Amino acid sequence: MIIGLTGSIASGKSTVAKMLKEYNIPIVDADLVARQVVEPGTETLRKIAEAFGADVISENGEMDRAKVGSIIFHDESKRKVLNDIIHPAIRAEMLRQRDEYVTNGEKTVIMDIPLLFESKLQHYVEKILVVSVDEETQLKRLMERNQLSEEDAKARIRSQLPLSVKEQGADAVINNNGTIEDAKIQLERILREWNVI
Ligand SMILES: CC(C)(COP(=O)(O)OP(=O)(O)OC[C@H]1O[C@@H](n2cnc3c(N)ncnc32)[C@H](O)[C@@H]1O)[C@@H](O)C(=O)NCCC(=O)NCCS
Ligand SMILES: Nc1ncnc2c1ncn2[C@@H]1O[C@H](COP(=O)(O)OP(=O)(O)OP(=O)(O)O)[C@@H](O)[C@H]1O
């Protein structure tokens, strides 16, 4: 079974992905792939520099993530420009990794995709698991984790669909307002229901 794991920024996807690793279920991680496809010297990074200016590349040849983030989370048209360059490369690599796991006989594969709904990728997966939190908790965790001002954190949250919309498209929802242990209990119940464990 191919399971799409999604939510919104700082809702707890990586936290749940870590729990899934403990069950030895393989995970294809979109955020990780998004870093791989812009490694120094890649065609994708060259296109990004062409669109956003050479100063989005640091001296060591890597993409300056803070700079690109400060541009795209405050400007929808710029975000679209980046997405149009980077998403095809992310998708191709994610599908390659998924197919490799399936070919190797894995029965369950998790696709951890923050923008599953925004990018309309529901057809990539058979079940959708949404990790959700209330807005206050999300804002607090995001500001703490990324050391962001309230304004910058809100801009990031606004650049994605509301969690209430994502919940409606889910096969199961983990409510992550409580402790990590609370989330773990919900995850185990869902995996049993889906006969994954
Ligand atoms: C803008 C970038 C450079 C910021 O890097 P940074 O290290 O600060 O953040 P990181 O990559 O860890 O992403 C954190 C979260 O931001 C959100 N996010 C990232 N990109 C986007 C986007 N284009 N639109 C909306 N939300 C986004 C996701 O929830 C993601 O989990 C980076 O996120 C990026 O390259 N984004 C484009 C690729 C992408 O869309 N990634 C999302 C998964 S497909
Ligand atoms: N139940 C919880 N209790 C307390 N802190 C939590 C809980 N779940 C997650 N966190 C913390 O909240 C922050 C966001 O969680 P996490 O990184 O898992 O979110 P994410 O959905 O993967 O975010 P992103 O889309 O930005 O990658 C992290 O610092 C994490 O340690």
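S11 is buried, since 27 other C-beta atoms lie within 10 Å; a residue counts as buried if 20 or more other C-beta atoms, placed from the backbone, lie within 10 Å of its own, as exposed if 12 or fewer do, and as partly exposed in between. The structure is a predicted model, in which local features need pLDDT of at least 70 and side-chain atom pairs count only at pLDDT 80 or more, while totals for chains, interfaces and linings use all residues. Residues are numbered from 1 along each chain as its sequence is written, and chains are lettered from A and ligands numbered from 1 in the order in which they are written.

S11 is placed in the loop between β1 and α1; helices (H or I, at least four residues) and strands (E, at least two) are DSSP runs numbered from the N terminus. Leaving aside residues up to four places away in sequence, S11 touches V131, S132, V133, Q138, L163 and N176, contact being defined by C-beta atoms, placed from the backbone, that lie within 7 Å. A10 is found in the loop between β1 and α1 and is buried, with 24 other C-beta atoms within 10 Å. Its contacts, again not counting residues up to four places away in sequence, are Q138, R141, L142 and R145. An unreviewed UniProt entry lists A10, S11, G12, K13, S14 and T15 under "binding site"; UniProt positions follow the numbering used here, feature names are shortened, and annotations may be inferred rather than shown by experiment.

An open sheet of 5 strands has the order β2-β3-β1-β4-β5, with parallel pairing; two strands pair if DSSP finds at least two bridges between them. β2 (27-29) and β5 (172-175) are the edge strands, each pairing on one side only. Strands β1 (residues 2-7) and β4 (residues 127-132) run parallel and are joined by 5 bridges, and L5 has L129 as its bridge partner in β4. Helix α1 (residues 13-22) packs on the sheet, where it touches β1, β2, β3 (109-112), β4 and β5, and its direction makes about 150° with that of β1; angles run from 0 to 180 degrees between N-to-C directions, and axes are lines fitted to C-alpha atoms, for helices over the stretch in contact. Helix α9 (residues 180-193) also packs on the sheet, touching β4 and β5, and its direction makes about 165° with that of β5.

Definitions and conventions. Contact = placed C-beta atoms within 7 Å.
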